[in-house]
Amino acid sequence: MLSMDSITKVYQAGVIETHALRSLSLEVAAGEFVAVTGPSGSGKTTFLNIAGLLEAPSGGRYVLDGTDVSTMKDKARSQTRNEKIGFIFQGFNLIPDLNIADNVDVPLRYRGWSGSQRRQKIDEALELVGLSARKQHLPSQLSGGQQQRVAIARALAGDPKLLLADEPTGNLDSLMARQVMELLEQINESGTTIIMVTHDPELARRAGRNVHLLDGQVSDFQPIEPPPAESDDHVAIVA
Amino acid sequence: MFSYYAKLALLSLKRNPLLSSLMVGAIALGIGVSMTTLTLYYVMSSDPMPLKSDRVFAVQLDSWSPDEPYYERDGGAPPPQLTYRDAMALMGSDIPTHHATMMHRGFAVRTDNKDLRQEYKSGRATYAGFFPMFDVPFIYGAPWTQSQDEAAARVVVLSRATNDKLFGGRDSVGEVAYLDNEPFRVVGVIDTWQPMPLFYDLNNGAFTETEDLFVPFTVPISKEQGAHGSTNCWKPEMIESYQDFLQSECVWVQHWVQLDTAEQRDAYQSFMDGYATEQKALGRFQRPLDNRINDIMSWLEFREVVGDDNRLLVVLAFMFLVICLLNTVGLMLAKFLNRAPLIGVRRALGASKKDVAFQHAVEVFLIGVLGGLGGLLLSYLGLLAVRNWYRGYEYLAKLNPEMVLTAIFLAIVAAIIAGLYPTWHISRIQPAVHLKTQ
């Protein structure tokens with residue numbers, strides 16, 4: 001699904017160069033649920049931005065779903081982002097003026113679908129996250145957990161192959177976080193590849209694979225221990 | 001996507017009403033001031049007879065003083081009016097398609113209807129050729145005839161408003177109106193007719209109303225009446241009688257001719273020069289031969305109907321618009337950058353730079369339309385103030401459909417110019433940078 005080979009990212013500010021990623025190589029197979037961990041400044045956000053085509057790498061090769069996207073122009077990158085990638089942000093990033101249905105509608109608008117197609121997709125996505133009854137509500141009228149579920153519905157509405165989540169439970173309490181995590185697991189089980197950046201070792205433990213970043217590279221060190229084989233008590237893990 | 005972006009633009013304007021009002025207000029103010037001055041300038045400089053303004057000419061003969069020209073400018077141009085005797089000589093020509101000597105004067109007017117009080121009306125004494133030459137539209141009757149001109153017949157053509165007042169708007173042809181207590185038979189009623197500028201007699205201003213009634217030029221002459229206009233004399237003369245005045249070197253009548261072809265124009269020029277040469281032999285016209293015919297637009301320019309002050313005012317108004325636009329650029333930039341995080345989200349969800357630019361261009365367009373409407377309102381109020389404060393601008397300071405469309409168009413263009421940089425700027429920022437600021 002995703003193949004990064006020797007990806008580098010250098011930020012230039014005057015004469016100062018900051019190497020955010022140093023020859024990062026990573027393979028993620030279709031259907032995987034990968035947790036990306038690492039200390040602050042290790043390059044997690046930069047990795048996610050490059051994986052989500054929000055930034056272009058300074059060097060290296062990035063193949064997404066069989067297409068080399070390393071040197072794509074803005075229009076093609078935007079189209080690929082719209083069709084193949086869904087984003088979930090820590091701060092939900094819903095558009096405050098738009099109601100829930102219109103928020104979910106945003107990526108579909110750029111897809112060029114007809115009104116009936118979009119309405120069907122919005123209904124399906126909101127039903128999946130259990131918020132069909134709140135279509136006309138504004139984001140400010142929902143709880144944090146509900147807002148994140150709307151963000152997930154928005155990310156899923158366009159049927160992306162890859163879901164990128166940046167600290168998706170970072171702003172939620174433990175109960176809400178557990179619900180969102182269960183939703184992500186459910187989405188992954190349906191075949192969507194998920195890459196989740198997290199600081200939370202408990203969440204990382206629930207992912208199928210952990211990738212630890214250190215100084216802009218994938219580190220061999222794995223700080224996250226795999227979950228106990230027989231344990232399925234999610235409440236205990238979150239707590 | 002346009003309707004979607006229009007909806008987003010409306011939401012955006014509602015989100016920050018103060019900033020939105022400032023942007024719309026800045027454009028409206030610039031447009032209002034510009035359109036007020038432009039409307040005045042437009043009407044002042046417009047062609048009052050577009051279909052034949054190049055075939056109708058004001059005549060100038062240089063009968064002025066040998067010691068100094070009437071005008072210092074334009075090569076010492078001849079006076080704008082003629083002496084009575086010269087005008088009568090020109091009326092003897094059969095070269096023009098139509099021609100008319102004329103003057104302005106007022107009349108006390110009443111009818112046999114005792115319920116109506118006698119009123120003072122403005123009038124024009126002229127020849128029958130005035131009406132076809134200036135394409136004056138008639139609703140009833142027709143101009144008087146050439147023989148009635150010669151006979152100083154007591155006949156009158158009324159304006160529509162005067163006919164409405166005196167005869168209730170009915171066909172009054174054949175009825176009698178009393179002008180200075182003398183009975184005149186109505187031979188025609190003209191429709192509403194208001195060339196602007198009022199080019200044929202600029203003595204009382206270029207932006208005044210057309211006359212209430214028209215009588216043969218020979219009528220006031222027969223009654224030994226002068227003009228209510230401008231009379232200029234250069235030669236010390238003993239003027240003891242009306243006949244002395246008519247034979248004097250004083251200029252006080254206007255003379256217009258319609259010359260449809262180049263041959264007619266050449267022939268008429270030769271005719272004028274020939275007449276002047278004859279007069280030289282009689283001791284008159286001592287200045288170098290300089291007789292002119294001026295088509296309507298040249299005449300308005302020569303008479304400086306649109307002065308340099310007016311042009312400067314338009315330039316200043318547009319400079320003010322530029323200042324308003326610069327302010328709008330700043331406001332738009334602030335507004336758009338304030339929204340950068342949301343644009344970052346849209347970019348992450350698939351919006352291209354072009355999509356972001358289009359979204360903001362639609363908002364800029366909406367701001368332009370609202371600014372244009374606000375500008376129109378301010379223009380209307382500005383022109384209303386001009387009409388109320390300055391005499392003679394009553395027929396000038398009016399918005400017409402062309403100017404309304406111009407205002408909207410100008411506002412949209414202005415808003416687009418103001419929005420170019422903010423729109424370009426917001427569409428260039430990398431989405432990742434936007435998201436980091438969210």
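Axes here are lines fitted to C-alpha atoms, for helices over the stretch in contact, and angles run from 0 to 180 degrees between N-to-C directions. With that in hand, welcome to a short tour of a predicted model.

**View 1. Helices H2 and H13 of chain B pack against each other.** Two packed helices are described by the angle between their axes and the distance between the axes. Here helix H2 (residues 17-44) of chain B meets H13(B) at an angle of about 45°, and the axes are 6 Å apart. Angles from 65 to 115 degrees would count as roughly perpendicular and those under 35 degrees as roughly parallel, so H2(B) is oblique to H13(B). The crossing of the pair is right-handed. On the H2(B) side, look for residues including B:Gly25, B:Ala28, B:Gly32 and B:Thr36. Across from them, H13(B) contributes B:Gly368, B:Gly371, B:Gly375 and B:Leu378, among others. Counted by type, the residues of this contact are 13 nonpolar and eleven polar, with no charged ones.

**View 2. Chain B meets chain A.** In this view, 19 residues of chain B are in contact with 18 residues of chain A. Four helices of chain B each give two or more residues to the side that touches chain A: H1 (2-15), H12 (340-348), H13 (353-389) and H15 (431-437). H12(B) supplies the largest share, four residues. On this side of chain B, ten residues are nonpolar, four are polar and five are charged.

**View 3. An open sheet in chain A has four strands.** Strands of a sheet pair through backbone hydrogen bonds, either parallel or antiparallel. In this sheet the strands follow the order E2-E1-E4-E5 (chain A), and their pairing is antiparallel. Strand E2 (16-28) and strand E5 (67-68) of chain A are the edge strands, each pairing on one side only. Strand E1 (residues 2-13) of chain A is joined to E2(A) by nine bridges in the antiparallel sense. To pick out one of the bridged pairs, find A:Lys9 and its partner A:Leu21 in E2(A).

**View 4. A:Val180 sits in helix H6 of chain A.** This helix covers residues 174-189. Is A:Val180 buried or exposed? A residue is buried if 20 or more other C-beta atoms lie within 10 Å of its own; A:Val180 has 23 such neighbours, so this valine counts as buried. Leaving aside residues up to four places away in sequence, A:Val180 touches A:Gly145, A:Gln148, A:Arg149, A:Pro168, A:Thr169 and A:Leu172. A:Gln146 is 34 residues from A:Val180 along the chain, yet their C-alpha atoms are separated by 9.2 Å. Across chain A, 47% of the 239 residues count as buried. Of the contacts in chain A between residues at least 6 apart in sequence, 70% join residues at least 24 apart.

**View 5. Strand E6 of chain B pairs with E2(B) and with E7(B).** Strand E2 (residues 98-110) and strand E6 (residues 176-179) of chain B run antiparallel and are joined by two bridges. Here B:Val109 stands opposite B:Leu179 in E6(B). E6(B) also pairs with strand E7 (residues 182-190) of chain B, in the antiparallel sense and over four bridges. In that pairing, B:Tyr178 faces B:Pro183 in E7(B). The hairpin of E6(B) and E7(B) has two residues between the strands, and B:Asp180 takes a positive phi near 50° there.

Methods
Residues are numbered from 1 along each chain as its sequence is written. Chains are lettered from A and ligands numbered from 1 in the order in which they are written. This is a predicted model: local features need pLDDT of at least 70, side-chain atom pairs count only at pLDDT 80 or more; totals for chains, interfaces and linings use all residues. Two residues are in contact if their C-beta atoms, placed from the backbone, lie within 7 Å. Ala, Val, Leu, Ile, Met, Phe, Trp, Tyr, Cys and Pro count as nonpolar, Asp, Glu, Lys and Arg as charged, and the others, Gly among them, as polar. Angles under 35 degrees count as roughly parallel, over 145 as roughly antiparallel, 65 to 115 as roughly perpendicular and the rest as oblique. A crossing is left-handed if the near helix is turned anticlockwise from the far one by less than a right angle, and right-handed if clockwise. A residue is buried if 20 or more other C-beta atoms lie within 10 Å of its own, exposed if 12 or fewer, and partly exposed in between; C-beta atoms are placed from the backbone. Two strands pair if DSSP finds at least two bridges between them.
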